[in-house]
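Keep the sequence and the 3D view open as you go.

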Amino acid sequence: MAEATADTATPTPGSVATGPMLAADGVPLKRSLARALRREKLRALALIAPLLIFILVSFIAPIVDMLFRSVENEIVSETLPRTVVALKDWDYESGEGPGEDVYAALYVDLVEAEEMKTHTRLGSRLNYEMTGISSLFRKTGRGIGRMDTDAYTKAITTLDAAWNEPATWIAVMDDDSARALLPETASAWSSWTRIVAANNDDIAKEEPGDFLFTTLYRDLSAATPDALAGYEGPEAARVREAAARIGSIEPVSLREQFLDIDKDWSDVQVWGTIQAFSPKYTPGYFLSAVDLQETPSGIEQQPDDQKIYRLLFKRTMFMSLAIMFSCILLGYPVAFLLSSLPLRTSNVLLILVLLPFWTSLLVRTSAWKVLLQQQGVINDVLVWMGVVADNDRLVMINNQFGTIVAMTHILLPFMILPLYSVMKTIPPTYLRAAKSLGATNWTAFWRVYFPQSVPGIGAGCILVFILSIGYYITPELVGGTTGTFISNRIAYHISSSLNWGLAAALGTILLVLVLALYWVYDRIVGIDNVNLG
Amino acid sequence: MALVETRTHPDLMRFTMPVTALAGGVFGFVLGSSFGSATLGVLAGLAVGAVTAFVLQSFLQRKQGRLAAAIVFALAGFLIAGAKGAVGGLIGGLVLGWLVYWLDSGRYREGVPTYATPGQVLWHNSFLFICGLIFFFLIAPIMVIIPLSFNAENFFTFTPKMLAFDPEGYSLKHYRDFFSNPDWQQALKNSVRIAPAATLLSVSLGTLAAIGLSQSHVPFRRAIMAVLISPMIVPLIISAAGMYFFYSRLGLQGTYVGVVLAHAALGIPFVIITVTATLVGFDKSLTRAAANMGADPVTTFFRVQMPLILPGVISGGLFAFITSFDEVVVVLFVGSAGQKTLPWQMFIGLREQISPTILAVATILVVISIALLTTVELLRRRSERLRGMSPG
């Protein structure tokens with residue numbers, strides 16, 4: 001502020017030439033202008049802000065969320081937290097199933113998952129990667145309550161009936177040193193508290209579950225004598241007593257128990273899949289979207305009968321290009337005609353272009369359905385003319401032909417309008433000059449007129465291509481099975497197969513493609529120059 | 001133009017008659033092949049065309065000649081095939097009559113310079129013909145559904161009764177169904193509830209932002225513009241998927257508010273584009289003048305700026321309205337059965353139970369779009385006139 005005071009000091013007449021120029025209120029003009037500019041910028045931003053925030057929340061955030069969903073894979077580590085940890089050291093390449101520890105971890109995880117009904121969701125998720133896992137999880141969920149682990153419960157409560165009392169457990173599990181001594185049991189106990197809470201039961205009244213005794217057995221068998229001797233927490237005597245006699249209990253192999261429910265649990269492929277999809281983020285959906293798959297032994301091609309996405313992307317590209325070219329073919333002459341006619345006539349004809357543009361998409365699609373179907377208007381006319389026989393009507397719908405025709409009609413205005421706005425600016429005198437210099441009609445058009453109309457072609461092409469590549473409604477209604485686009489597959493995964501991750505990955509790939517084209521469009525046309533007729 | 005007076009009549013025998021005969025031959029081919037013998041049809045058509053050209057050119061004036069041709073052909077058609085034939089004959093007569101005088105008066109050379117060779121004239125007229133076909137391709141599918149919506153049967157094509165112009169072949173039953181079926185009525189109600197709310201939201205926010213964007217010093221203008229226009233560019237299915245996932249997290253999926261928010265976002269680019277386009281021609285000294293005379297910013301906005309940019313705002317609003325009113329992909333995912341809109345109901349109708357009621361709805365929608373298009377056109381012209389950009 002010191003400087004400001006110096007600047008605002010009244011200038012003496014002699015210093016005017018050297019000192020800063022001042023505004024009417026005595027503030028240096030430079031600063032005054034800068035402030036005005038800043039205020040103007042802020043006002044502009046304040047006007048834009050509400051809309052920008054609205055778009056960011058209602059539109060951009062959903063898109064970002066979708067991008068995130070295409071790599072998100074927390075379900076495995078959330079549903080099977082202990083198994084994921086226990087599997088870390090297991091080597092898929094060894095070709096042998098994991099050890100008893102992993103089965104024990106899986107046992108506790110699945111008991112909780114089954115109570116929370118999350119195991120079927122996990123099953124469906126992993127089923128995208130390996131067929132059959134879904135039914136394996138469902139079957140295991142049904143069988144997990146009937147495992148022979150109740151043998152531990154019986155044995156331990158026979159040794160000391162106090163273990164059947166929730167109070168004993170609560171007392172032990174409240175203590176940090178006890179939790180350190182019995183780590184698996186402590187972790188299982190936290191699952192137990194969640195299960196009880198989810199069922200709205202009182203933990204002090206619920207009889208402890210079988211899996212708690214299983215983990216207690218495992219912890220006590222694994223505990224070193226030193227650790228036991230050093231334990232001074234609650235129920236120390238009871239814990240030591242149980243530990244001393246734990247050797248007398250017949251162990252139950254959890255591996256055998258799982259294999260009894262379903263022998264697939266010995267399949268290293270199953271374990272490999274769980275291990276491969278343990279991380280929180282996975283490229284798996286993207287790999288599936290390009291017909292690859294992540295297997296325990298690395299990235300592989302999908303089996304040939306499941307390769308559909310590359311074909312679908314290629315088909316979407318091919319059909320969009322076909323639609324784009326038919327739009328140029330039909331749009332160029334019309335735009336040329338419109339731009340060469342007097343304004344009054346061309347305005348009337350322009351209405352014929354704008355009317356389809358303003359007509360509901362569903363109306364136009366249903367019109368094509370009416371026209372193209374086998375008992376439809378076009379076939380009727382052809383039969384009446386004797387071009388095709390009545391029993392040999394043309395199949396023009398539910399295939400690629402139908403989609404291309406209907407979409408060319410729907411997108412044609414988007415080609416004509418940019419072409420027209422560019423062609424209007426080409427002076428007709430150029431053509432006349434070329435002709436008077438001896439060019440033929442064709443040369444004059446090709447060498448003089450056409451190059452000047454190229455920006456319009458570029459703008460129209462990108463617009464039509466962008467719009468057609470993501471089209472959903474028309475291919476869905478007139479495309480049948482061979483005329484569908486990638487967007488139809490995305491919709492299928494969202495609403496029917498519920499494989500949202502794959503839908504998000506396919507959507508992301510499509511989005512990247514479109515944004516790249518959008519960027520190109522912005523470069524050559526400029527987004528603010530989009531003309532809506 | 002002076003050219004009209006100097007235009008010479010082409011030779012009847014060497015030009016008008018053969019060309020008309022050719023056109024007759026084409027008609028004859030179509031008719032002949034539908035009745036079994038294309039060759040016979042072509043020959044008959046050639047003869048009829050030649051005779052028509054000769055008679056009309058030699059004995060009758062333009063107006064009466066065309067009328068006479070239409071009547072004679074319609075009568076002939078009626079005698080051969082009843083009402084259906086009369087309409088066919090009428091069309092044929094009108095076309096041939098017009099063709100003869102068009103050729104004879106030399107008007108076919110109107111669009112080309114006088115020195116053009118016959119090849120160039122032919123090419124020019126073929127070009128016009130091709131453009132006519134493309135316009136036909138653009139308009140015909142929309143126009144075809146209008147008569148079909150009055151079908152008395154549950155068919156999607158013209159029944160023999162309709163072709164014979166038998167009143168029994170037509171009925172309003174599909175319209176009655178639309179107005180009495182609770183599904184359709186509920187869908188109409190939902191559309192009418194959603195579209196105006198979404199329009200209001202996008203117009204109010206969009207106009208403010210467009211005014212902000214049109215100031216001279218806006219930081220990150222390009223980036224902001226790209227973000228605001230993006231709902232128009234991002235494929236609908238991706239917007240729909242993203243909104244479905246995100247709105248389910250927020251509990252907005254399947255609610256009225258969710259659909260309105262989604263539709264407002266989709267309509268915003270149209271408002272931004274039309275309003276910024278209007279603001280390009282807005283004279284900023286007007287606001288300065290208003291401020292100079294003591295108006296505060298709010299008064300300036302409502303009394304000076306708003307009336308001038310109103311046409312742009314209204315057409316942006318109409319774009320936003322039609323976007324929401326016609327939108328089906330996003331509402332399909334973001335909405336639930338309670339927000340089933342008219343396009344959604346049509347989509348189901350087309351995919352599952354194909355009911356011709358759709359055609360009645362489609363006709364109503366076509367009428368609405370014609371009304372909207374007319375409004376936008378009038379507004380555009382008014383706005384251009386206000387800004388002095390166009391003489392008309």
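**Exercise 1: A pair of rings**

A:Trp169 is buried, at 1% relative accessible area (buried means under 20%, exposed over 50%, partly exposed in between, with a 1.4 Å probe and protein chains only). This is a predicted model, where local features need pLDDT of at least 70, side-chain atom pairs count only at pLDDT 80 or more, and totals for chains, interfaces and linings use all residues. Residues are numbered from 1 along each chain as its sequence is written, chains are lettered from A and ligands numbered from 1 in the order in which they are written, and side-chain values use heavy atoms, leaving out hydrogens and water.

Task: classify the ring pair of A:Trp163 and A:Trp169.

Solution. Step 1: recall the rule: rings of Phe, Tyr and Trp (its six-membered ring) pair if their centres lie within 6.5 Å; planes under 30 degrees apart are stacked, over 60 edge-to-face, the rest tilted. Step 2: here the centres are 5.4 Å apart and the planes stand at 65°, so the pair is edge-to-face.

**Exercise 2: Where two chains meet**

Task: find how many residues of chain B are in contact with chain A, and how many salt bridges there are between them.

Solution. Step 1: with contact meaning heavy atoms within 4.5 Å, 96 residues of chain B are in contact with 90 residues of chain A. Step 2: a salt bridge needs a side-chain nitrogen of Lys or Arg within 4 Å of a carboxyl oxygen of Asp or Glu. Step 3: the count between the two chains is 2 salt bridges. The side chains of B:Arg249 and A:Asp65 form a salt bridge, at 3.1 Å from N to O.
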